[in-house]
Amino acid sequence: MGTLVAARLALYLDLIRWDRPAGTLLLLWPTLSALWIAAGGFPGWHLATVFVLGTFLMRSAGCAVNDVADREFDRHVKRTAQRPVTRGAVGVREALALGAALALLAFALVLTTNAAAVAWSVVALVVTILYPFSKRVVSMPQAVLGIAFSFGIPMAFAAVHGDASWPGASAAATTPGGDGGWFEAVPPVAWALLVGNLFWVLAYDTEYAMVDRDDDLRIGIKTSAITLGRFDVAAVMVCYGIFIATWAAIGARLGLGWPYFAGLAGAAAIAGWHYTLIRDRSREGCFRAFRLNHWVGFAVFVGVVVATARS
């Protein structure tokens, strides 16, 4: 009995990419950066714990939903053919039940914050569910993923400011469930950070799509790597540039100081190194660039932490 349980647990851990944390880190660093910016420094252990655990749980739930949605495609791609759902080791209903349980745990964490954060978490869930299916109809589904992977940013601001007025917000923002309050809990700077982060997601997920381009062309999936064609490498670097420039402009407006810009400079240097990995479009180089991309977000986060600690 114990052996069977252990075997099942191993399959579930494989399904949620337990041993491949890069995806969780790609979600985590911009979310924590936004949380520190929103709070003007350390947000407290409660919110830090909610967003760290919530990010892990939602990324894991997303993996389960994605593998169910893509199971017919994944069996034709060498890199994904042995995923648990694809090879039939985990059933569709079982995977969806696991995904739902993880999402409910994440939602339970959000319930400990405030009404604004709860409301935006529902929007984030809808976008997360839509992403796997966007590959059938959208030429650049990475843009949908960009929104999904960036939604921790407005949620972080909502969690910090949902029960207190952001400068310029009306009194409705101070009343949970008030008329328009959950909109006003997320200021324009949060949406600007989201837009900038979306371009970072476009950069690294296009690198990821470049790994599977030949397989995706054969089976008919739409990706940014296919849509961009021979301009893929240039587009990736432009997206990195827009991400860095956008967050730099926001940092200057907020007066975050030199540590923040040092973090952005470190991120830009890593992005420049990634150019050397993807310029020949080899599968190995593109996959390495994607897998190590979380260091870009980490560099920015360190800059945010130091900058806000000094202010």
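**Ground rules.** I am working with a predicted model, where local features need pLDDT of at least 70, side-chain atom pairs count only at pLDDT 80 or more, and totals for chains, interfaces and linings use all residues. Numbering starts from 1 along each chain as its sequence is written, and side-chain values use heavy atoms, with hydrogens and water left out.

**Entry: the cavity.** I looked for cavities (sets of points on a 1 Å grid over the protein atoms alone where a 1.4 Å probe fits but cannot get out). I found 1 cavity of 30 Å³ or more. The volume of the largest cavity is about 30 Å³, taken as the space filled by probe spheres set on the points, which are joined across faces, edges and corners.

Which residues line the largest cavity? I noted Trp29, Pro30, Ser33, Asn197, Trp200, Phe243, Trp247, Gly297 and Val300; a lining residue has an atom within 4 Å of a point. H2 gives the largest share, 3 residues. Helices here are DSSP runs (H or I, at least four residues), numbered from the N terminus. I sorted the lining into 6 nonpolar, 3 polar and no charged residues.

**Entry: two arginines.** Most residues other than glycine have a negative phi. Arg17, in the loop between helix H1 (2-15) and H2, has a positive phi near 60°. Arg281, in the loop between helix H14 (258-278) and helix H15 (283-291), has a positive phi of about 65°.

Methods
On a 1 Å grid over the protein atoms alone, a cavity is a set of points where a 1.4 Å probe fits but cannot get out, and a pocket is an open set with protein on both sides within 12 Å along at least five of seven lines; lining residues have an atom within 4 Å of a point. Ala, Val, Leu, Ile, Met, Phe, Trp, Tyr, Cys and Pro count as nonpolar, Asp, Glu, Lys and Arg as charged, and the others, Gly among them, as polar.
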